[in-house]
Amino acid sequence: MKVEVKQGSPAAFRGEAMVVCHFEDSRKLAGAALELDRQSGGMIGDLIRRGDFTGKPAQVSVVYTRGALPVYRILLLGLGKKKEFDLEKARRGFSKAARSVRELGLAEFAICLDPVPGSPGLEDMTEAAVEGVLLGLYRFTQFKTAEENGPREVRKLVLLASDEQAARRMRAAAAAAGIVSRAVCYARDLVSTPSNEMTPTDMARRAKEAAVSKKVRLTTLGNREMQKLGMHALLAVARGSMEPARFIILEYAGGRRGERPYVIVGKGLTFDSGGISLKPPDKMEEMKADMSGGAAVLAVIKAAAELGLPLNLVGLVPATENLPGGRAYKPGDVLRSMSGQTIEVISTDAEGRLILADALTYAGRFKPRAVIDLATLTGACVIALGEDVIGMMGNDAGLKDGLRKAAGETGEKLWELPIWDDYAELIKSDVADMKNTGGRAGGAITAAVFLGKFVGDTPWVHLDIAGPAWLSKEKPYIPRGASAVGVRLLLRFLRDQAAKKRGK
Ligand code: BES
Ligand code: MN
Ligand code: ZN
């Protein structure tokens, strides 16, 4: 979808539809709404006086202008109470408005961001509008025959700017939000694609789409290279499948040469059957989404490069299937990880931490400034925090604060769980350095404690996205299915780090 910023008066806008905002508690019409109301002989005021439109969050009312204005329809959008307004309300509102436009079967529409509340400012509102629209209109239609696609796609969004200076500010914000939103949709596509078309090899191929400039280098390790490196934890998981594993490495050089990179690691289980510790069949189809962390990593590198962030970044995605084939690894097996530490396999369904163990060890080669991993790691995290919440665990307060702040801004819910030393007792093994499960109690935490054994002293945060990566019920700007959770979060975090650096 095309996004354009145009300078012009809303009363002069010619087109199919224009979204105009209104706060629930503004007693008088203001800005564009006021001007349009005057020009149309009170069409907007009428709706409000009669109580048809109150302006509650994400309320949308369609007003047909019938020749009183050059635009055919005004979509009045409620933004709720001024005091309670934030960017999340904005995203939800604009998403709802965009979906109404699609329901009407229109090919394009405009959004008028006047009046803009003092806070959030014009740039943030522009980003929220673009994100709300692009994310809210996302559909995964690749495997649907054309007739079943439902209402046709909205092809263009025009953002109306009051003057040229505002237009300039809005253009930069819209461009950034477009990059971020398209990265989210790219990740959603990767996750939604079924595992027969998204094998580790396919994922490595799709990773090329993240190598958007000369500043991004893609390397893919195959079986032989992984053997040489001693990645036997990762290779063990892959053994039950005929599909070879891949280790995807994306390096983005946006910072100074030699500057320590942020390394982001994503679990890339293109299908998790549980292996010999086979999962029950109920909802097993959703385990095609067990590469959500990996997809997020590819999307973040892609967007970071497109944004030209002045940082060095490395994205690592260990990609494999977990199947119970004849050569599959088995409970009781002892694996020697790349770090040299040995692991007793208790459950072959606790495979994510095994592939991440070798990826985290590999991350050490880059002398990272920080490591952040994203993984659909444990059902226990979903039990602990619910389906909507990212579980955060890590060893560095500053890094955790940065991610908490970013999550507050993007509306991705995140909550910290502790990783006290005591938990390490639970993964002690009689025969190896550790075992790969710690029992049901504190399952999200013992998984993180396991990962911690492979990061050393590097500042590190683990994000367990098992709950929010896949939605069983749609949300205001996230359709059912793949959410691409973590993409906006990490990009917000990295953009904040870049801004801090510029400020220095
Ligand atoms: N991929 C799953 C975790 C998961 C469960 C993600 C539900 C999304 C929704 C992971 O590999 C797994 O199977 N974890 C086990 C660990 C257990 C065997 C210690 C789990 O959570 O049951
Ligand atoms: Mn599993
Ligand atoms: Zn898994």
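Trainee: Why is D272 called buried?

Mentor: D272 has a relative accessible area of 3%. Buried means under 20%, exposed over 50% and partly exposed in between, with a 1.4 Å probe and protein chains only. D272 therefore counts as buried.

Trainee: Good to know! What kind of model is this?

Mentor: This is a predicted model, where local features need pLDDT of at least 70, side-chain atom pairs count only at pLDDT 80 or more, and totals for chains, interfaces and linings use all residues. Side-chain values use heavy atoms, without hydrogens and water, residues are numbered from 1 along each chain as its sequence is written, and chains are lettered from A and ligands numbered from 1 in the order in which they are written.

Trainee: What makes D290 buried?

Mentor: The relative accessibility of D290 is 3%, so D290 counts as buried too.

Trainee: Which residue bridges the zinc ion (ligand 3) and the manganese ion (ligand 2)?

Mentor: D272 does, and the two ions lie 3.2 Å apart. D272 sits in strand β10 (residues 268-272), whereas D290 is in the loop between β10 and α9 (292-307), 18 residues apart. Strands (E, at least two residues) and helices (H or I, at least four) are DSSP runs, numbered from the N terminus.

Trainee: How do you know that strand β15 (residues 390-394) is largely enclosed?

Mentor: Five of its five residues are buried, so the rest of the structure largely encloses β15. I390, M392 and G394 are buried on one side, and G391 and M393 on the other.

Trainee: What makes β15 and strand β16 (residues 414-416) a pair?

Mentor: Two strands pair if DSSP finds at least two bridges between them. β15 and β16 have three, in the parallel sense, and L414 is the bridge partner of I390.

Trainee: In which sense do β15 and strand β18 (residues 460-464) pair?

Mentor: Those two pair in the antiparallel sense over four bridges, with M393 opposite H462.

Definitions and conventions:
Donors are N, O and S atoms within 2.8 Å of the metal (3.2 Å for Na, K and Ca); water is not among the atoms, so sites may look incomplete.
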